[in-house]
Amino acid sequence: MTVTAIPILLVDIIGSALMIVFSLLAIVYARRLNQRDPENLAGIFLLWLSVPLGTLFTLRSAGYILEATFFPAAQPPAPEYLSPLIDGITMLLLVGAASVILFFSRTWNMFRVVFTERNMLRRTRKELIDLNRTLKERVQERTDTLLNHEKQMARADRLASIGQLSSGIAHEINNPLGVIQGYTQLLMRDEDPGSQRYEDLQVILKHAKNCKAIVEDLRSFAKRSLPEKTETSIHDVIHDAILFVQNRVRKQNIRIDTCLDDAVVPMYMDEKKIRQVLVNLVMNACQAVGENGVIEIQTKLDAPARQVHIRVADDGCGIEKKDIERIFDPFFTTKPTGEGTGLGLAVSYGIIRNNGGEILVSSEPGWGSVFTVILPVLTAGNASGYS
Amino acid sequence: MAARPHGSPVGAAVVLFSHLLFIISMAILTGWISRRGDTVRSGWREIRYSAIFFIHWSAFAFTAYLLEDPSGWIAASRIGSWTLYIESAGGHAFLVWIYYLVRLDQLLSVPAMVFLVLGLARLLAQAKLTPPDENDPAGDRTEGVREDGV
Ligand SMILES: Nc1ncnc2c1ncn2[C@@H]1O[C@H](COP(=O)(O)OP(=O)(O)OP(=O)(O)O)[C@@H](O)[C@H]1O
Ligand SMILES: [Mg+2]
């Protein structure tokens, strides 16, 4: 039967050309996929599958195009070896592609387990190495915290005995001071305001008042009294303190930033005393930063521990290592006489402890200091207790 | 084009068997992909279509080969450039037409390869979206059993 060869020829020629293009594309894509992640099992499988398939069809198509160009209409006939050669290659690549599929479909799950396990091993190994590397640092960190705790306890002990001593002294001095004050005032009543004696008496009175203030401070450091607690917003107290300090250090051009946690709600505390603590801390910070310093005040609620952290950080001169142990001691000061009595932190310490809280310090000489006040969150229900 | 006359009988048998093996393996691949639930995922879906087309292509090529070579049921030769002389041994006209049809096997192999390329391109695009270390080690995300738990 004689039939037209045109459809077959057309399909073969166009098809062969397309096949070459797509076969090569398949190999290229599979290779890229594999290169992106050489360990991806699917990628490996697709590469192994695409290579024999792509090669098979490229060769077949190229063979056909060659044949159609060089031996059209079988005149002269194609050489004898051509067809077994093409058959052989076809067979080889068909079997190749088939084997890849059979192999992978049988071993896929096994591979998956192996790959997953290997990845796990790798991750664990990496973690181990990391752990090993940071072990030293971790031990150091723990040791540091332990030492810190020890120091804090030692300090609390020392301050407690100093407190006892100073409350005794304060009590003994307070009465004579009152007597001095009273008699001075009596004497002043008989004098002419403006006379020499009147002015002398005024000086005595002023110094007696100073002494009284110091004694008062000492007492509030040592006193273990029940704080007068009212429900107050700590943020209002902070704003008050800032306002107060800013009025006094206007010339220094100090920036005070606040970062207040909205989760901190009003709570029971001794408002006046806490304000005094904050004024002390902010004042110290202002004195430490000098001109153009930056102070940051931050509050944070630690809900699980039912505590509020108030952090006063400055970028000032910092505290020397040897001094940091003693800054809470009464009368410890590095400031020139007249500028500091060294009672600010001692009083603050007493107040915070009296309110069941804690005051912590960390400082880097030359970089600044951070004081953290930790206060228990007291609500109406548990406001009475203090430690 | 699938027809390659004048091979040796042994060669012909081997080629036929390799076609059979190829068909079986591609059938396994289709089943395997759909069993893994990958048919819904682009990429693997196209590869499954490709396998289905390859099965049909192989069946066509197989038939053309079978008709021509070991059986000798069909003898085909070109006359001039544009005509084909096809003769069937028993004078069965339908064999001639079947032969004619299966000679158009490229109509199947081209879509098969196109689907393969499409599938690979989709998978490649997906791989570009996810960094390598987040990929499942086996590239097998559908089964939901990820022992590594990441
Ligand atoms: N923010 C700070 N930066 C650097 N040093 C500080 C800071 N706060 C306190 N100090 C150091 O701690 C010492 C003790 O502080 P404290 O507030 O008890 O006393 P003072 O500020 O010297 O005097 P007072 O507060 O009674 O006027 C200070 O002299 C200072 O050396
Ligand atoms: Mg001070």
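These are my notebook entries on a few things I looked up in this structure, which is a predicted model.

**Entry 1: chain B overall**

I began with chain B and found four helices and two strands. Reading along the sequence, I noted the pattern α-α-β-β-α-α. I also looked up burial: of the 150 residues in chain B, 47% count as buried.

**Entry 2: helices side by side**

Two packed helices are described by the angle between their axes and the distance between the axes. How do helix α1 (residues 9-35) and helix α2 (residues 44-68) of chain B pack? I found an angle of about 160°, with the axes 9 Å apart. Angles over 145 degrees count as roughly antiparallel, so α1(B) and α2(B) get that description. I wrote down a left-handed crossing for this pair.

Next I turned to a pair that takes one helix from each chain. Helix α3 (residues 82-190) of chain A packs with α1(B) at an angle of about 30°, and their axes are 8 Å apart. α3(A) and α1(B) are therefore roughly parallel to each other. Their crossing is left-handed.

**Entry 3: a residue on α3(A)**

Is A:Phe111 buried or partly exposed? With a relative accessible area of 24%, A:Phe111 is partly exposed. I also checked A:Leu41, 70 residues from A:Phe111 along the chain; their C-alpha atoms are separated by 7.8 Å.

**Entry 4: salt bridges**

Side chains of opposite charge can pair when their charged atoms come close. I looked up the count over all chains and got eleven salt bridges.

One of them joins A:Glu39 and A:Arg118, with the closest N and O atoms 2.9 Å apart. This pair links distant parts of the chain: A:Glu39 is in the loop between α1 and α2, A:Arg118 is in helix α3 of chain A, and 79 residues separate them. I have A:Glu39 down as partly exposed at 32% relative accessibility, and A:Arg118 as partly exposed at 27%.

I then looked at A:Glu271 and A:Arg275, whose side chains meet in a salt bridge at 2.8 Å, N to O. Why are they about one helical turn apart? Because they sit four residues apart in helix α6 (residues 271-289) of chain A.

**Entry 5: a nonpolar patch**

Last, I looked at the surface. A:Ile6, A:Leu10, A:Ile13, A:Ile14, A:Leu18 and B:Trp82 form a nonpolar patch there, with about 580 Å² of accessible area together. I picked out A:Ile13, which lies in helix α1 (residues 6-36) of chain A. A:Ile13 is partly exposed, with a relative accessible area of 44%.

Methods: Residues are numbered from 1 along each chain as its sequence is written. Chains are lettered from A and ligands numbered from 1 in the order in which they are written. This is a predicted model: local features need pLDDT of at least 70, side-chain atom pairs count only at pLDDT 80 or more; totals for chains, interfaces and linings use all residues. Side-chain values use heavy atoms; hydrogens and water are left out. Patches are made of residues with over 30% relative accessible area and no salt bridge: like charges are joined within 9 Å, nonpolar side chains (Val, Leu, Ile, Met, Phe, Trp, Tyr) within 5 Å. Accessible areas come from the Shrake-Rupley method with a 1.4 Å probe; for residues, only the protein chains shown count as cover. A salt bridge is a side-chain nitrogen of Lys or Arg within 4 Å of a carboxyl oxygen of Asp or Glu. Buried means under 20% relative accessible area, exposed over 50%, partly exposed in between (1.4 Å probe, protein chains only). Axes are lines fitted to C-alpha atoms, for helices over the stretch in contact, and angles run from 0 to 180 degrees between N-to-C directions. Angles under 35 degrees count as roughly parallel, over 145 as roughly antiparallel, 65 to 115 as roughly perpendicular and the rest as oblique. A crossing is left-handed if the near helix is turned anticlockwise from the far one by less than a right angle, and right-handed if clockwise.
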